[in-house]
Amino acid sequence: MTDVQKAAGTKSYVGGCHCGAVRFEVALDLSQPLSRCNCSICAKVAQTGTNVKPAAFRLTSGSGALSEYRWGEVGARYFCKLCGIHVYGAGHLEYLGGDFVSVNCNTLDDVDPNHDVKVIYFDGRHDNWMAGPRETPWPIHTR
């Protein structure tokens, strides 16, 4: 990562999957909130994440241990094919500023996404993205 990715407020973090086959570095500003979404895949993998530009993310080992799940035209999610942990995603969405890497912050070493950071919630399950984030979880099911 270059100095450009280390803008004010960012810090380098390392992380990886459960078995250690996949490892990465990422420059993040954890004073900014992480997000949780209630869409089917985010809820099922229990992702707490954030998006960064591709230049702020570097896979340091384990490219051969990754398995890809791709849907539509937006992006892909990458899982360790040895232990099954969802590590990150990548794609392109103009609404997010173009190319992005979506880091599963549950995979960061020495960061507790349940206590060390603020979390905001999105309603992807109901395609309610324009409602924006809120501080409490959106329901998965509506009655």
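Is Cys-37 buried or exposed, and what is its relative accessible area? Cys-37 is buried, with a relative accessible area of 14%, where buried means under 20% relative accessible area, exposed means over 50% and partly exposed lies in between, computed with a 1.4 Å probe on protein chains only. The views below show a predicted model, in which local features need pLDDT of at least 70 and side-chain atom pairs count only at pLDDT 80 or more, while totals for chains, interfaces and linings use all residues. Residues are numbered from 1 along each chain as its sequence is written, and side-chain values use heavy atoms, with hydrogens and water left out.

**View 1. Cysteines without a disulfide.** A disulfide is a covalent bond between the sulfur atoms of two cysteines. Here a disulfide is counted as a pair of cysteine sulfur atoms within 2.5 Å, and by this rule the count comes to zero. The sulfur of Cys-37 has its closest cysteine sulfur in Cys-39, at 3.7 Å, which is too far for a bond. For Cys-105, the closest cysteine sulfur belongs to Cys-42 and lies 12 Å away, again too far for a bond; Cys-105 is itself buried, with a relative accessible area of 0%.

**View 2. An open sheet of three strands.** Strands are DSSP runs (E, at least two residues) numbered from the N terminus, and two of them pair if DSSP finds at least two bridges between them. Three strands form an open sheet in the order E1-E2-E5, with antiparallel pairing. Its edge strands, each pairing on one side only, are E1 (11-16) and E5 (57-61). From one strand to the next the twist averages 25 degrees, with axes taken as lines fitted to C-alpha atoms and angles running from 0 to 180 degrees between N-to-C directions. Strand E2 (residues 23-28) runs antiparallel to E1 and is joined to E1 by six bridges, and Ser-12 has Ala-27 in E2 as its bridge partner.

**View 3. The largest nonpolar core, and Leu-28 within it.** A nonpolar core is a set of buried Ala, Val, Leu, Ile, Met, Phe, Trp, Tyr and Cys residues joined through side-chain atoms within 4.5 Å. The largest such core has 28 residues, of which Val-26, Leu-28, Val-52, Phe-57, Val-103 and Leu-108 touch the most other members. Two or more residues come from each of E2, E7, E8, E9 (98-104) and E10 (119-122), and the largest share, four residues, is that of E2. Counting contact as heavy atoms within 4.5 Å, and setting aside residues up to four places away in sequence, Leu-28 touches several residues, including Tyr-13, Val-52, Cys-105 and Leu-108.

**View 4. Thr-107 in the loop between E9 and E10.** Thr-107 lies in this loop and counts as buried at 7% relative accessibility. A polar atom of its side chain lies 2.6 Å from the backbone oxygen of Asn-104. Beyond its neighbours within four places in sequence, Thr-107 is in contact with Gly-15, Gly-16, Phe-24, Ile-85, His-86 and Val-87.

**View 5. Gly-84 and Glu-94 in two other loops.** Gly-84 lies in the loop between E7 (75-80) and E8 (86-93), and at 45% relative accessibility Gly-84 counts as partly exposed. Glu-94 lies in the loop between E8 and E9 and counts as exposed at 61% relative accessibility.

Definitions and conventions:
Polar contact = N/O pair within 3.5 Å; in protein donor to acceptor, adjacent residues only side chain to side chain.
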